[in-house]
Every structure is written in C-alpha cells, then in structure tokens.
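Have a look at the model first, then read on.

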Amino acid sequence: MKPFPKWLSLFLGLASLFLAGCAAYQWGGPKPAFHSIEIATVKNSTSRPGTHAVLQQKLIEFFAADPRVKIGTGDAKLETEIIEYSRAGQTTSSTDSYTYTSFRITIKVQCTLTTNEGKKVLFKNRPFSASATLQPIGDSAAEERSLGPTLFADIVSQIRQASTTAW
C-alpha cells in the first residue's frame with residue numbers, strides 16, 4: 001500500500017483544524033440577556049409625519065433576522081422614540097448661502113431597553129443617530145423620503161447591536 005502524499009496529509013490536517021475551529025462558531029455573536037423582545041410602538045416627537053412607521057418596520061425586520069431572539073412579549077421590552085429630524089443646507093462657498101445644492105439629513109432616536117417586566121434597565125434614553133447627504137436632482141421631497149429607510153436601517157443596526165451585546 002502506498003503512503004499518502006505529503007501535500008494530501010497536510011491538506012487533511014489543515015482542513016480538520018479549520019473545521020474544528022468553526023464548530024464552536026455561533027452566528028450573530030454572544031448570547032443576549034434575553035430570549036424574546038417586545039418592540040413597543042415607536043413614538044414620534046418630530047414634526048415629520050410617517051417616519052415612525054418606517055422605523056417600526058425596520059426594528060421588526062432586523063430583530064426577526066437575528067436567530068438568537070424572538071419577537072413577542074416576554075423577557076425584554078424596547079421602547080423607541082424619534083426625537084429629531086433635521087435638514088441642514090450645505091454650501092460650497094461663502095457667496096451661495098441661499099442656494100443650497102446639498103443638504104445634511106440627520107435622524108436621532110432614543111431607546112430604552114428593560115428586562116424583568118421593567119425592573120432591570122439595560123439602557124435608558126440611549127441616543128442613536130444616522131446622517132446622509134442629499135443632493136437633489138429632481139423631486140427633492142421624494143428623494144428626501146427615499147433616504148428614510150437607509151437611515152433607519154443604520155439606526156436599527158446600532159440598536160440591535162446595543163441590545164443584543166452580552167451584559
């Protein structure tokens with residue numbers, strides 16, 4: 001019987017080492033402090049109507065995609081409020097202060113996460129924010145509305161990370 005070639009032995013050894021190292025990997029990171037999370041209806045303290053519905057949808061999407069937690073009443077409760085929606089004009093020279101060609105859109109949200117029926121506070125009124133630059137070329141109102149889902153996805157990613165990080 002012929003012995004294995006050295007390259008094959010080396011390959012099999014490396015493959016078994018790699019597979020053994022990956023066996024303990026858990027998708028999504030460490031286990032959160034809760035198994036299920038209730039996402040309370042998002043409040044909107046801004047004068048920008050309709051933004052709370054987009055944020056509510058993104059919260060449900062992002063937490064539902066995490067296999068470590070289930071959405072529903074139980075271990076934890078997440079309360080979210082949109083506290084700021086701002087649109088600031090940006091200029092490129094000191095002489096065009098009234099003709100803005102781009103705008104900085106910023107959304108700020110604050111969240112409170114509790115467990116044990118509100119007895120244990122993991123974080124309270126914690127701020128999360130996201131910004132984007134808008135350079136309208138057509139319908140500026142529609143283009144501004146189209147930024148909402150992207151900004152809220154960024155904010156919700158931050159919220160999920162903060163919520164599911166090991167305590």
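1. Taking contacts between residues at least 6 apart in sequence, 68% of them join residues at least 24 apart. Keep in mind that this is a predicted model.

2. On confidence, the chain averages a pLDDT of 82, and 75% of the residues score at least 70. Helix H1 (residues 6–22) is where confidence is lowest, with a mean of 62. At the other end of the scale sits strand S2 (residues 43–44), where confidence is highest, at 96. I'd read any remark about H1 with that mean of 62 in mind.

3. Now the layout. There are three helices and six strands in the chain, and from the N terminus on the order is α-β-β-α-β-β-β-β-α. Of the 167 residues, 31% are buried. The chain exposes about 10600 Å², with carbon and sulfur atoms supplying 57% of that area.

4. What holds the middle of the largest nonpolar core? This core has 30 residues, and Leu59, Val109 and Ile159 are the ones with the most contacts inside it. At least two core residues come from each of strand S1 (36–39), helix H2 (51–64), strand S4 (76–90), strand S5 (102–115), strand S6 (120–134) and helix H3 (140–164). H3 gives the most, with seven residues. As background, nonpolar side chains tend to be buried together in soluble globular proteins.

5. Setting aside neighbours within four places in sequence, valine 109 is in contact with Leu55, with Thr80, Glu81, Ile82 and Ile83, with Arg126, Pro127 and Phe128, and with Phe152, Ile155 and Ile159.

6. Next, helix H2. H2 has 14 residues and spans 20 Å from its first C-alpha to its last, close to the 20 Å expected at 1.5 Å a residue. Its buried residues are Thr51, Leu55, Gln56, Lys58, Leu59 and Phe63. Viewed down the axis of H2, these buried residues fall within an arc of 165°, so they line one face of the helix. The general rule here is that an α-helix has 3.6 residues a turn, so residues three or four places apart point the same way.

7. Is glutamine 56 buried or exposed? Glutamine 56 has 16% relative accessibility and counts as buried, because the cut-off is under 20%. This residue of helix H2 is in contact with Ile39, Ala40, Thr41 and Val42, leaving aside neighbours within four places in sequence.

8. Asparagine 116 is partly exposed, at a relative accessible area of 49%, whereas glutamate 117 is exposed, at 74%.

9. Last, lysine 120, which lies in strand S6. Lysine 120 is partly exposed, with a relative accessible area of 41%. Beyond neighbours within four places in sequence, lysine 120 is in contact with Leu113, Thr114 and Thr115. Alanine 76 is 44 residues from lysine 120 in sequence, and the two are 9.3 Å apart in space, C-alpha to C-alpha.

Definitions and conventions. Residues are numbered from 1 along each chain as its sequence is written. This is a predicted model: local features need pLDDT of at least 70, side-chain atom pairs count only at pLDDT 80 or more; totals for chains, interfaces and linings use all residues. Side-chain values use heavy atoms; hydrogens and water are left out. A nonpolar core is a set of buried Ala, Val, Leu, Ile, Met, Phe, Trp, Tyr and Cys residues joined through side-chain atoms within 4.5 Å. Buried means under 20% relative accessible area, exposed over 50%, partly exposed in between (1.4 Å probe, protein chains only). Helices (H or I, at least four residues) and strands (E, at least two) are DSSP runs, numbered from the N terminus. Contact means heavy atoms within 4.5 Å. The expected span of a helix is 1.5 Å times one less than its number of residues. The arc is that of the directions from the helix axis to the C-beta atoms. Accessible areas come from the Shrake-Rupley method with a 1.4 Å probe; for residues, only the protein chains shown count as cover. pLDDT is the predictor's confidence in each residue, from 0 to 100.
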